[in-house]
Amino acid sequence: MPDVARKILWPALGAGAMLAALSTAPARADEPSAELLARGKYVATAGDCIACHTRPGGQPFAGGLSITTPMGDIISTNITPDPDHGIGKYTLQDFEKSVRHGVRRDGSRLYPAMPYVSYSGMTDDDVTALYTWFMHDVKPVAETPPATSLNFPANLRITMAIWNLVAGESEPETGDAATFDKLRRGKYLAHALEHCGTCHTPRNVMLSEKTDSYLAGASLLGWYAPDITSSKTTGIGDWSEDDLVAYLRTGHVDGLSQAAGPMGEVIEHSSSHLTDEDLHALAAYILQVPAKEDDGEHPARARAGQALDTPDIRSGELTRIDNLNPMDGKGVYDANCASCHGDNGAGTGDHYVPSLFHNAVVGSGHPDNLIMTVLEGVNRTANGVHAYMPGFDGKSDVQRLSNAEIAAVVNYVTATFGNGDHGVTAEQVGAQRVQTPKTP
Ligand code: HEC
Ligand code: HEC
Ligand code: HEC
């Protein structure tokens, strides 16, 4: 560890070979170059630091987001350069130790909710650029988020040292990450920066990612991050590189999939800002990850279902909205979903409102994301397009649906447009409802 720290000498920044290589304009000894700052900002975006280190409605990077984990709720800390409340007193070495090895400036261990196991693969140059950008361009915020308090034994930060041994950090990549060839760059983005595995890889009993099931699908915060290995049945093996690039840039691919919840946030804050070249590198790498079948999935979720044959409106039966049995899934659908997704589930002609058949969320054997979409809706801005569907939870502006109504509509939608009725119960909806992120 000290070895790595010694390799990156902070004073070298002013005049060192790395800076000389990066900057075209001569920089003052104490003033980092614009290139270095731009690179630091890009690394912070690709690493999506803002997602966890900002609470809803809070100042960027000031922390305070409560992250639900099986260990308990872990609250992110303030990483703005404020000397008393944030990381203003961190040297580059202190910063490197927390980002790559999960060790705080005071020597205590960070909880693995901070994805340092992924970041351990970051190159020295990228860590330096990241540190420089945080210290130079992030606005200091003088507020300390509430402390995390976990139950024994997880409250003993020392146990995280054991966790570290099990989780296995990777060796940092070496060299200039900007010059890596396509697949190496893609691997670097997927593992060391974008940490796709943090959500998509199942964890073992010690909560570390199962390396032999990389990207095979896992639950988080009420959502299910699906199998995205190259499996043609339960993964995304039949997506093209362009499909995946479009998904990561916009969150919407007609007739395949849309991104809501945590994935919508990854796209909004992180992947939609990657360069075209990096998106292609990332997609090419992901699409060659060895196939791993997800036992819980039916085959090819994005291919399931078809439009509902609806009787002609003049001859067919009409449902009276005021006469609905609230527990009837079709009734809930007609009253709350059909106005946008259509009676037959086909969505709108311009695909702004997606079809519910050939839709990965509806066709999935894990109804989790359909439940979460109905509860929270979709609210994602990427590439200048705002995708919005209202949520139907207790905060809804349109209609608050009960757990039983949501269970009924979910079963109706999967039975009609997807892979069959999964027998979702009101209790299951209730359990997912309480997992939505909260601010302490
Ligand atoms: C998935 C959520 C998540 C992401 C993404 C994330 N962090 Fe963290 N980070 C945390 C949490 C939670 C803590 C506090 C852990 C604890 O209290 O043990 C933390 C702690 C830290 C600390 C220690 C600060 C201190 O002294 O308390 C630093 C430094 C840090 N993160 C930097 C970063 C940087 C830089 C990035 C982006 C490259 C990043 N984090 C991305 C969740 C995250
Ligand atoms: C914060 C957690 C999180 C991270 C990090 C994350 N994902 Fe996701 N991902 C999800 C969730 C949850 C879904 C389901 C979203 C939905 O149903 O709307 C998803 C869905 C997807 C899908 C759609 C699959 C399908 O069949 O519909 C793809 C592709 C994908 N993610 C790729 C990636 C890649 C590549 C990365 C890394 C760049 C990544 N994800 C990082 C949580 C995450
Ligand atoms: C006001 C219009 C509107 C209403 C009402 C509406 N939706 Fe949506 N729905 C949308 C839009 C827009 C999207 C997002 C498209 C995107 O992500 O690009 C969407 C997305 C979805 C998705 C895909 C989500 C994902 O993560 O891939 C599902 C499933 C869905 N809606 C089901 C429903 C159900 C069930 C109801 C009724 C309870 C409903 N919708 C009500 C407009 C609507």
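Two residues are taken to be in contact, or to touch, if their C-beta atoms, placed from the backbone, lie within 7 Å. This is a predicted model, in which local features need pLDDT of at least 70 and side-chain atom pairs count only at pLDDT 80 or more, while totals for chains, interfaces and linings use all residues. Residues are numbered from 1 along each chain as its sequence is written, and chains are lettered from A and ligands numbered from 1 in the order in which they are written.

**The whole protein**

Start with a cartoon view, where 20 helices and eight strands can be found; helices (H or I, at least four residues) and strands (E, at least two) are DSSP runs, numbered from the N terminus. Of the 440 residues, 46% count as buried, a residue being buried if 20 or more other C-beta atoms lie within 10 Å of its own, exposed if 12 or fewer, and partly exposed in between, with C-beta atoms placed from the backbone. Among the contacts with a separation of 6 or more, 64% join residues 24 or more positions apart.

**Ligand 1**

Select ligand 1 and the 26 residues around it, of which Gly-47, Cys-49, Cys-52, Thr-77 and Met-114 come nearest; a residue is near a molecule if its C-beta atom, placed from the backbone, lies within 6 Å of it. Helix α5 (49-53) and α6 (92-101) each supply at least two residues of this shell, and α5 gives the most, with four residues. By class the shell divides into 17 nonpolar, six polar and three charged residues, where Ala, Val, Leu, Ile, Met, Phe, Trp, Tyr, Cys and Pro count as nonpolar, Asp, Glu, Lys and Arg as charged, and the others, Gly among them, as polar.

**Ligand 2**

Next select ligand 2, which has 29 residues around it, with Cys-196, Cys-199, Ser-257, Met-263 and Ala-360 coming nearest. The largest share of this shell, four residues, comes from α13, and the elements that each supply at least two residues include α11 (197-200), α13 (261-269) and α17 (360-363). Domain 2 (182-286) and domain 3 (301-433) each contribute at least three residues to the shell, the domain bounds coming from an automatic or database domain assignment. The shell contains 20 nonpolar, eight polar and one charged residues.

Now pick His-195, in the loop between α10 (182-193) and α11. Its phi is near 40°, a positive value in a residue other than glycine, and His-195 counts as buried because 24 other C-beta atoms lie within 10 Å.

**The annotated site**

Move to Cys-337, Cys-340 and His-341, which the UniProt annotation "binding site" (unreviewed entry) covers; such annotations may be inferred rather than shown by experiment. Cys-340 lies in helix α16 (residues 338-341), and His-341 is also placed in helix α16. Is each of these two buried or partly exposed? Cys-340 is partly exposed because it has 13 C-beta neighbours inside 10 Å, whereas His-341 is buried, with 21 other C-beta atoms within 10 Å. Leaving aside residues up to four places away in sequence, His-341 touches Gly-347, Val-353 and Leu-356.

In the loop between α16 and α17, select His-351, whose phi is near 70°, a positive value in a residue other than glycine.

**The hairpin**

Finish at strands β7 (residues 378-382) and β8 (residues 385-389), which pair in the antiparallel sense over five bridges; two strands pair if DSSP finds at least two bridges between them. Arg-380 has Ala-387 in β8 as its bridge partner. Two residues stand between the strands of this hairpin, where Asn-383 takes a positive phi near 55°.
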